Amino acid sequence: TRHLAVDRCKVEWGKERAAWQFIPQLEGYAIFEDEQKLYRKELPGMRYGLEFPFTPEMLQSSKYGPKWLTKAFQAAGTLPRDNTVKRIWNFKPISGGGA
C-alpha cells in the first residue's frame, strides 16, 4: 500500500521555494548588540506565515497549543481540514542536536 505522506510530499516538493529574505520587522537591529531583544521576538515564518512557538512553554500555552498545532498541520497538509488537534496529552522535551 502507498504511504499517506507520499502525495503530500510530492506537493510540498513541487511548491516554489521562497528565497531567504531579511525579515522586515528586524530591519534596523544590530544583530550582536540587540540579540537579547531579538531572542524572544515572535515573527511569522516564510513558508506558511505562522508565528512559531520556540519554547516548550509556548507550545503548551493558550496562544498556541492544540489550536495552533491544528492550524500548522492543516497549513502543511499534514492534517485534513475536517480534523483537529484536541489536546496535548504527553509532552516531553528532548535535548540535543539539530533543527
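Colleague: Which residues are linked in a network of salt bridges?

Modeller: E42, E51 and K63 are the linked residues. Bear in mind that this is a predicted model. The structure holds two salt bridges. In one, E42 pairs with K63, with the closest N and O atoms 2.8 Å apart. In the other, the side chains of K63 and E51 meet at 3.1 Å, N to O.

Colleague: Which parts of the chain does the E42 and K63 pair tie together?

Modeller: Look up where each partner sits. E42 is in the loop between helix 2 and helix 3, while K63 is in the loop between helix 3 and helix 4, so their bridge ties together parts 21 residues apart in sequence.

Colleague: Is K63 buried or exposed?

Modeller: Exposed, because its relative accessible area is 52% and the cut-off for exposed is over 50%. E42 counts as partly exposed at 28%, and E51 is partly exposed too, at 30%.

Colleague: What about T55, buried or exposed?

Modeller: T55 counts as buried, because its relative accessibility is 13% and buried means under 20%. T55 lies in the loop between helix 2 (35-39) and helix 3 (56-60). Its side chain reaches the backbone nitrogen of M58 at 3.0 Å.

Colleague: And the nonpolar side chains, how do I read those?

Modeller: The general idea is that in soluble globular proteins, nonpolar side chains tend to be buried together. Here, the largest nonpolar core has nine residues: L50, M58, L59, Y64, W68, L69, A72, L79 and V85. Helix 3 and helix 4 are the elements that give two or more residues to this core, and the largest share, three residues, comes from helix 4. Over the whole chain of 99 residues, 20% count as buried.

Colleague: How many helices and strands does the chain have?

Modeller: Four helices and zero strands. Among contacts with a separation of 6 or more, residues 24 or more positions apart account for 27%.

Colleague: Where in the chain is confidence lowest, and where is it highest?

Modeller: Where pLDDT is low, the predicted coordinates should not be read in detail. In this chain the lowest confidence is in helix 2, with a mean of 62, and the highest is in helix 4 (residues 65-76), at 94. The chain averages a pLDDT of 79, and 76% of the residues score at least 70.

Conventions:
Residues are numbered from 1 along each chain as its sequence is written. This is a predicted model: local features need pLDDT of at least 70, side-chain atom pairs count only at pLDDT 80 or more; totals for chains, interfaces and linings use all residues. Side-chain values use heavy atoms; hydrogens and water are left out. Buried means under 20% relative accessible area, exposed over 50%, partly exposed in between (1.4 Å probe, protein chains only). A polar contact is a pair of N or O atoms within 3.5 Å; within protein, one must be able to donate a hydrogen and the other to accept it, and residues adjacent in sequence count only if both atoms are side-chain atoms. Contact means heavy atoms within 4.5 Å. pLDDT is the predictor's confidence in each residue, from 0 to 100. A nonpolar core is a set of buried Ala, Val, Leu, Ile, Met, Phe, Trp, Tyr and Cys residues joined through side-chain atoms within 4.5 Å. A salt bridge is a side-chain nitrogen of Lys or Arg within 4 Å of a carboxyl oxygen of Asp or Glu.
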